[in-house]
Amino acid sequence: MSKADILMGARLTKKYGNLAVVKNVSMNVKEGEFVSLVGKSGCGKTTLLSVLSGLERPTEGQVILNGKEITGASEEELALFRRAHVGFIFQSFNLIPTLTAWENVALPLFPMKMPQEQRRGRAMELLNQMEIGHRTEHLPAALSGGEKQRVAIARALANHPKIVFADEPTGNLDSATGDAIMVILNNLHKKQGMTMLMVTHEPELAATADRVIRMQDGEVIA
Ligand SMILES: Nc1ncnc2c1ncn2[C@@H]1O[C@H](COP(=O)(O)OP(=O)(O)OP(=O)(O)O)[C@@H](O)[C@H]1O
Ligand SMILES: [Mg+2]
């Protein structure tokens, strides 16, 4: 693997108080790679994802994302960096309840001083791509779990991210709906070359990735 291929490289420890939750973990993700992260509940997966994506800071070590050392960045720089380069998909969707589907998708574009019609156009394009173009004016409460996650995936893609972080994206869905969401994620990788790092509990889902990273008690074991 040449250095130029590496989109994200990190070596880090994360402690909460005295408790090391992620212990001297090093990992790389190549441009266009789909990596899954598995391990028992409480082993540190979400914590690792939060630090790798710049939501939290490591206690020790560093994270390089898209050629930038993000560890030393200010809060404001980090927020700008995340907005420009990173997409997030969560287990619990995290949609804004008072905004319609399209408004949720357009939200990351708001700070970019893009005219409303253009933001709406981009949101519609993504919602159509997610096959939920018929639900654009609905509030999240009026959407099913699978529909909410489609909206959340569209939102994650709005700013053309370099990498998408997904934390148990099918964890709140029944298995058929979860499978449909996995088809979408796998297609993002295969057809659009999206770089993704996905946390999952389910070995069958993890196995669809290019590479599986296993964690145990805050350490990478394989
Ligand atoms: N903000 C925090 N303050 C203190 N401890 C925390 C904090 N966030 C997580 N922890 C602890 O860190 C450990 C790892 O948590 P984390 O959420 O990363 O696990 P996980 O592997 O994602 O688990 P799950 O599969 O249940 O989501 C847990 O013991 C948790 O209690
Ligand atoms: Mg977790």
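Modeller: A residue is near a molecule if one of its heavy atoms lies within 4 Å of it. The model is predicted, so local features need pLDDT of at least 70, side-chain atom pairs count only at pLDDT 80 or more, and totals for chains, interfaces and linings use all residues. Residues are numbered from 1 along each chain as its sequence is written, chains are lettered from A and ligands numbered from 1 in the order in which they are written, and side-chain values use heavy atoms, leaving out hydrogens and water.

Colleague: OK, which residues are around ligand 1?

Modeller: Tyr16, Val21, Lys40, Ser41, Gly42, Cys43, Gly44, Lys45, Thr46, Thr47, Glu168 and His201.

Colleague: And which helix gives the most to that shell?

Modeller: Helix H1, residues 45–52, with three residues. Helices here are DSSP runs (H or I, at least four residues), numbered from the N terminus.

Colleague: What polar contacts does Thr47 make with the ligand?

Modeller: A polar contact is a pair of N or O atoms within 3.5 Å. A polar side-chain atom of Thr47 sits 2.6 Å from an oxygen atom of ligand 1. For Thr46, a side-chain N or O atom is 2.8 Å from a ligand oxygen, and for Gly42 a polar backbone atom is 2.8 Å from one.

Colleague: New topic: where does Leu80 lie?

Modeller: In helix H2, residues 75–85. Leu80 and Pro111 are 31 residues apart in sequence, with their C-alpha atoms 9.5 Å apart in space.

Colleague: Why is Leu80 called partly exposed?

Modeller: Because its relative accessibility is 46%. Buried means under 20% relative accessible area, exposed over 50%, and partly exposed in between (1.4 Å probe, protein chains only).

How values were computed:
Polar contact = N/O pair within 3.5 Å; in protein donor to acceptor, adjacent residues only side chain to side chain. Helix = DSSP H or I, 4+ residues; strand = E, 2+ residues; numbered from the N terminus.
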